[in-house]
Amino acid sequence: ETPKKPEALAFERPSPTEIHIFGNFEKDEFVVFKEQYFARWKAYMNNKEVPVMTTAQEMILIKTDKGDNILLKYVVLPKEKIFGVLSLIAHLGLITIFIYLLRKSIL
C-alpha cells in the first residue's frame, strides 16, 4: 500500500498550551506537528487519548484514530504549579530582605 502524500493541515492555537488540528484522519495514521516534543504533550481524539511520540528531528508525532480533529495539550503537573508559586514567594521575600538591609545600611 502506498502511503499518503504529506499535506498541510489547518490548526488553531487558542493558547500556548493548547492546539486544535483539523483534518480527515483515519485510524493508525501519523501527523507531525512542527513543535518541539516534550513528554508532557498529550493528544486527544474523540475524547480519548492517542499516542504522542517524537520524530528523529524532535518534533511531535501523533498516531491518529478515525476522526476530524486532534486536541493537543501541554499538561503542567499540579506540583509544578505549587513549586512555581513557592519559588515566586521566596524570590519576593529575598528581594524584600535585600531592600531592608540596603535601607538599613544607608541610613
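Q: How many salt bridges does the structure hold?
A: The structure holds 6 salt bridges, where a salt bridge is a side-chain nitrogen of Lys or Arg within 4 Å of a carboxyl oxygen of Asp or Glu. Please keep in mind that this is a predicted model, in which local features need pLDDT of at least 70 and side-chain atom pairs count only at pLDDT 80 or more, while totals for chains, interfaces and linings use all residues. Residues are numbered from 1 along each chain as its sequence is written, and side-chain values use heavy atoms, with hydrogens and water left out.

Q: Which side chain meets lysine 66 in a salt bridge?
A: That is glutamate 26, with 3.3 Å from N to O. The pair links distant parts of the chain, since lysine 66 sits in the loop between β7 (59-63) and β8 (67-74) and glutamate 26 in the loop between β2 and β3, 40 residues apart. Helices (H or I, at least four residues) and strands (E, at least two) are DSSP runs, numbered from the N terminus.

Q: And lysine 66, is that buried or exposed?
A: Lysine 66 counts as exposed because its relative accessibility is 52%, whereas glutamate 26, at 33%, counts as partly exposed. The cut-offs are under 20% relative accessible area for buried and over 50% for exposed, with partly exposed in between (1.4 Å probe, protein chains only).

Q: Which side chain does aspartate 28 meet in a salt bridge?
A: Aspartate 28 meets lysine 63, at 3.8 Å from N to O. This pair also links distant parts of the chain, with aspartate 28 in the loop between β2 and β3 and lysine 63 in strand β7, 35 residues apart. Aspartate 28 is partly exposed because its relative accessible area is 45%, and lysine 63, with 29%, is partly exposed as well.

Q: What about aspartate 65, which lysine does its side chain meet?
A: The side chain of aspartate 65 meets that of lysine 48 in a salt bridge of 2.9 Å, N to O. Here aspartate 65 lies in the loop between β7 and β8 and lysine 48 in strand β5 (residues 48-50), so the pair links distant parts of the chain, 17 residues apart. Aspartate 65 counts as buried because its relative accessibility is 11%, while lysine 48, with a relative accessible area of 45%, is partly exposed.

Q: Which residues are linked with Asp65 in a network of salt bridges?
A: Lys27 and Lys48 are linked with Asp65 in such a network.

Q: Back to the loop between β2 and β3: why does glutamate 29 count as buried?
A: Glutamate 29, which lies in that loop, counts as buried because its relative accessibility is 18%. Leaving aside neighbours within four places in sequence, glutamate 29 is in contact (heavy atoms within 4.5 Å) with Lys4, Asn24, Ile62, Lys63 and Thr64.

Q: Changing topic, where is arginine 40 found?
A: Arginine 40 is in the loop between β3 and β4 (41-45), and with 30% relative accessibility arginine 40 counts as partly exposed. Apart from neighbours within four places in sequence, arginine 40 is in contact with Lys73, Tyr74, Val75, Leu77 and Glu80. The C-alpha atoms of arginine 40 and lysine 73 are separated by 8.1 Å, although the two residues are 33 residues apart along the chain.

Q: How many residues does helix α1 have, and how many of them are buried?
A: Helix α1 (residues 78-106) has 29 residues and reaches 42 Å from its first C-alpha to its last. That is close to the 42 Å expected at 1.5 Å a residue, the expected span being 1.5 Å times one less than the number of residues. The count of buried residues in α1 is 0, so α1 is hardly covered.

Q: How far is glycine 23 from leucine 86 in space?
A: From C-alpha to C-alpha they are 42 Å apart in space, and 63 residues apart in sequence. Glycine 23 is found in strand β2 and, leaving aside neighbours within four places in sequence, is in contact with Leu9, Gly67, Asp68 and Asn69.
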